[in-house]
Amino acid sequence: MSQPVRPEDKIENGERRAFLAAGAAVAGTAIAPGVLLYGMAQAKPADQPVSAKVRWGMLIDTTKCATGCTECVTACNTENSLSGKTGPQDSQWIRKVELKNLQTGARHSLPMLCQHCEHPPCVDVCPTGASFRRADGIVLVDRHICIGCRYCMMACPYKARSLVHENLTDQNPEVPRGKGCVESCTFCVQKVDRGENTTACVEACNAAGHKAMLFGDLNDPESEIAKTVKTYASTEVRADLNLNTGVRYQGI
Amino acid sequence: MARLDLASKLGSWLRFAALIGAAAVLAAPSFQAAAGVDKPKLERGKGERCVEDTDFMRRNHMQLLKHHRDETMHRGIRTTKHSLKGCVECHASEKTGSVAATKEDFCMACHTYASVKLDCWDCHATKPMAKKPAKTEAAAEAKTSPLMANTQNGGAKP
Amino acid sequence: MKIAFREIEGKSQGYWGLFAVLAILAALGVGSALYMEHHGHIVTGMDNQIVWGLPHVFAVFLIVAASGALNVASIATVFGKTLYKPLNRLSGLLAIALLAGGLMVLVLDLGRADRLIVAMTYYNFKSIFAWNVILYNGFFAIVIAYLWTMMDQKGGRWYKPVGLLAFVWRLILTTGTGSIFGFLVAREAYDAALLAPMFIVFSFNYGLAVFLLVLMGFYAGTGRALGDKMVLRLKNLLGVFIAASLYFVFVYHITNLYFTKHHGLEAFILMNGGIHTLMFWVGQVVLGYLLPMAILFHPGLGNSRAWIALAALLAILGGLAQMYVTIIGGQAYPIDLFPGFEVSSSFYDGVVHPYTPSALELMLGLGGVAVALLMVAFAVKVLRFLPERLDDETVAALHGAK
């Protein structure tokens, strides 16, 4: 049980459902009775490592996302103590992108953030292994070994990462950030590990009444997000790259 | 002849190494004694006692922190006993509210004295978490149990 | 035929003048790095859109030129052209010096340059950058061993095998450097296997241009004899390498032009990219390729030392322009997140990213060049790197000795 499940124990996208069906039965009998791995994900004991049985993901319904609304961005800045400035050297973990289809003229608005890929290019290129993917699918930067080479920023197809360009003070104790290291959206890992199982942006979107963002465990067939992506069409941004992103979009 | 040279060389190296070792052993207590004269003054922090013996912490706090940092960062283990956040909560100075704002604050007192640079505070907050309304914890707990039950049922279904 | 190598005297005003200028440039470079380190990258022109800037232009140029500078030695050792054997020591020295200069720039530009030890102790073996760290360190070790086989009697029997190893290693190294960009799926300008062989050909070009300039500079400065036979052979080789570079650039762009999805990028580089279009056509193509080729293959100008030196200098400037277009231009063109859509955001999606390098970045880049040349100037004074004479009779004797 305390054996860490490494991200290498990945399950191919198509096989995931089948695995879950079988896995659930096995988990129920073979592993500690009464404690299911899905349950662990919802409120993991603090001394247990995160598990690959969970895949955190986000579903964004662009038809509900309002043009000009930046509630999610503001909430992210507050939660992670970002300055909120938008100069070329300022960090932005989540941003609103306005789209216009060149052929049809259709307009969409959506939040863009780290897509938490299953096969993240940033992790592939990082020379020291500071960019890594946690077992539960959250892609993070270990600032203790980030040397600030910015190769991950070159490699990310979503422009999701920022370099901290200057000295910082008064960080959120739960969200360490500092000069010279690269950073990006963490799926509010501090909230997830606390068992809140949501992110600041999603909370804000719901509070504003848009309900355009949904966060949850893609591997849990009973979760709202898993049910929704199973029922309705959704897509990855730059699906051609085959990165199996954790963030999916509807309506584009 | 050559063998003899080598042997004597080796011998002298060994003697040298032994000397260094002996010097280190002898110096250790005397260093501590000397330190007694103008030991850094630091605020002890809140609570009865530290999470480990003081002597142990003096020598090993960096190993504990490094181990914990890797466990938390890469595996999401969030125990509080050896977390940096826990250190800061207890040891933040009453005057500055920080562990590293001035040279008298808890971390800096010794680190200045021993002139060991530390870069924890480039990224980590030196002050404890501002008090938040207690509702988040309650909410998290309320959420936990029904979900646990939920998924247990759900898990059995295909 | 035995060639006599001798240290240069290095007591002239010219030598110390050069030394002083280089030392000042190097100090300015280190100073600006310290300033950047203290304040963070906010004091540079680099930002979250142009994440690699002028320091990387210089660094990658120097690293590519380093492996190319070893070519002269490889021709002598691996391909058995004894004619070039007297030059192989300088070739190895330049290779080490240029690599050291380039790596210095690269390392001092890191966001956390103080954590260099981390880069040496933590490896992610899927990262081409991590491979490069190993390739660079290995290159130093192998070329130093190579120099030892050239300069020490005891190393003589290792000369051929180590030379072969160095040759293979430098090809892998430049493949690695090209692949830093070639392996980037995210950006349209990169993401091409062609970049690795293209960088190898660039390295032949830049390395030989630097080598030729340094060789002619030291021989002119010390008044040692350097015959036309050697110089004309080297300049012809440079002309061929420049032509090969042009060929690869042509293939790269013609391929992109064929694919509709790359038309935006090509229009940006070739037509409406402002500084990048200028850098490409005027810097890279005209100054870097056409002009030096015209000079080197011209029946009259091609025999003049001054014109050959100018051509080599132009090839180097063209190389820096090429790196600017490749590195900065490749980032300035926006990533196509949503093909078929017009996009806008607070994070500068969908717009061309401007870049104005600060003086600090320029000083850091020039500092790397200065450190490389300083190492060479110092080494030829204290060790026997340069042949005493390379006049036509000596060269002819070598040529016959083959």
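Which helices do the buried residues of H4(B) pack against? They pack against helix H2 (54–75) and helix H5 (120–123) of chain B, where contact means heavy atoms within 4.5 Å. The buried residues of helix H4 (residues 106–113) are Cys107(B), Ala109(B) and His111(B); buried means under 20% relative accessible area with a 1.4 Å probe, protein chains only. After H4(B) comes Ser115(B), with a positive phi near 40°.

This is a predicted model, in which local features need pLDDT of at least 70 and side-chain atom pairs count only at pLDDT 80 or more, while totals for chains, interfaces and linings use all residues. Residues are numbered from 1 along each chain as its sequence is written, chains are lettered from A and ligands numbered from 1 in the order in which they are written, and side-chain values use heavy atoms, with hydrogens and water left out.

Now to Ser91 of chain A. Ser91(A) sits in the loop between helix H3 (71–79) and strand S2 (94–101) of chain A. Helices (H or I, at least four residues) and strands (E, at least two) are DSSP runs, numbered from the N terminus.

| Feature of Ser91(A) | Value |
|---|---|
| Relative accessible area of Ser91(A) | 10%, buried |
| Polar contact, side chains of Ser91(A) and Glu183(A) | 2.6 Å |

A polar contact is a pair of N or O atoms within 3.5 Å; within protein, one must be able to donate a hydrogen and the other to accept it, and residues adjacent in sequence count only if both atoms are side-chain atoms. Leaving aside residues up to four places away in sequence, Ser91(A) touches several others, including Leu82(A), Arg177(A) and Asn48(C).

Conventions: Buried < 20%, exposed > 50% of the residue type's maximum accessible area, 1.4 Å probe, protein only.
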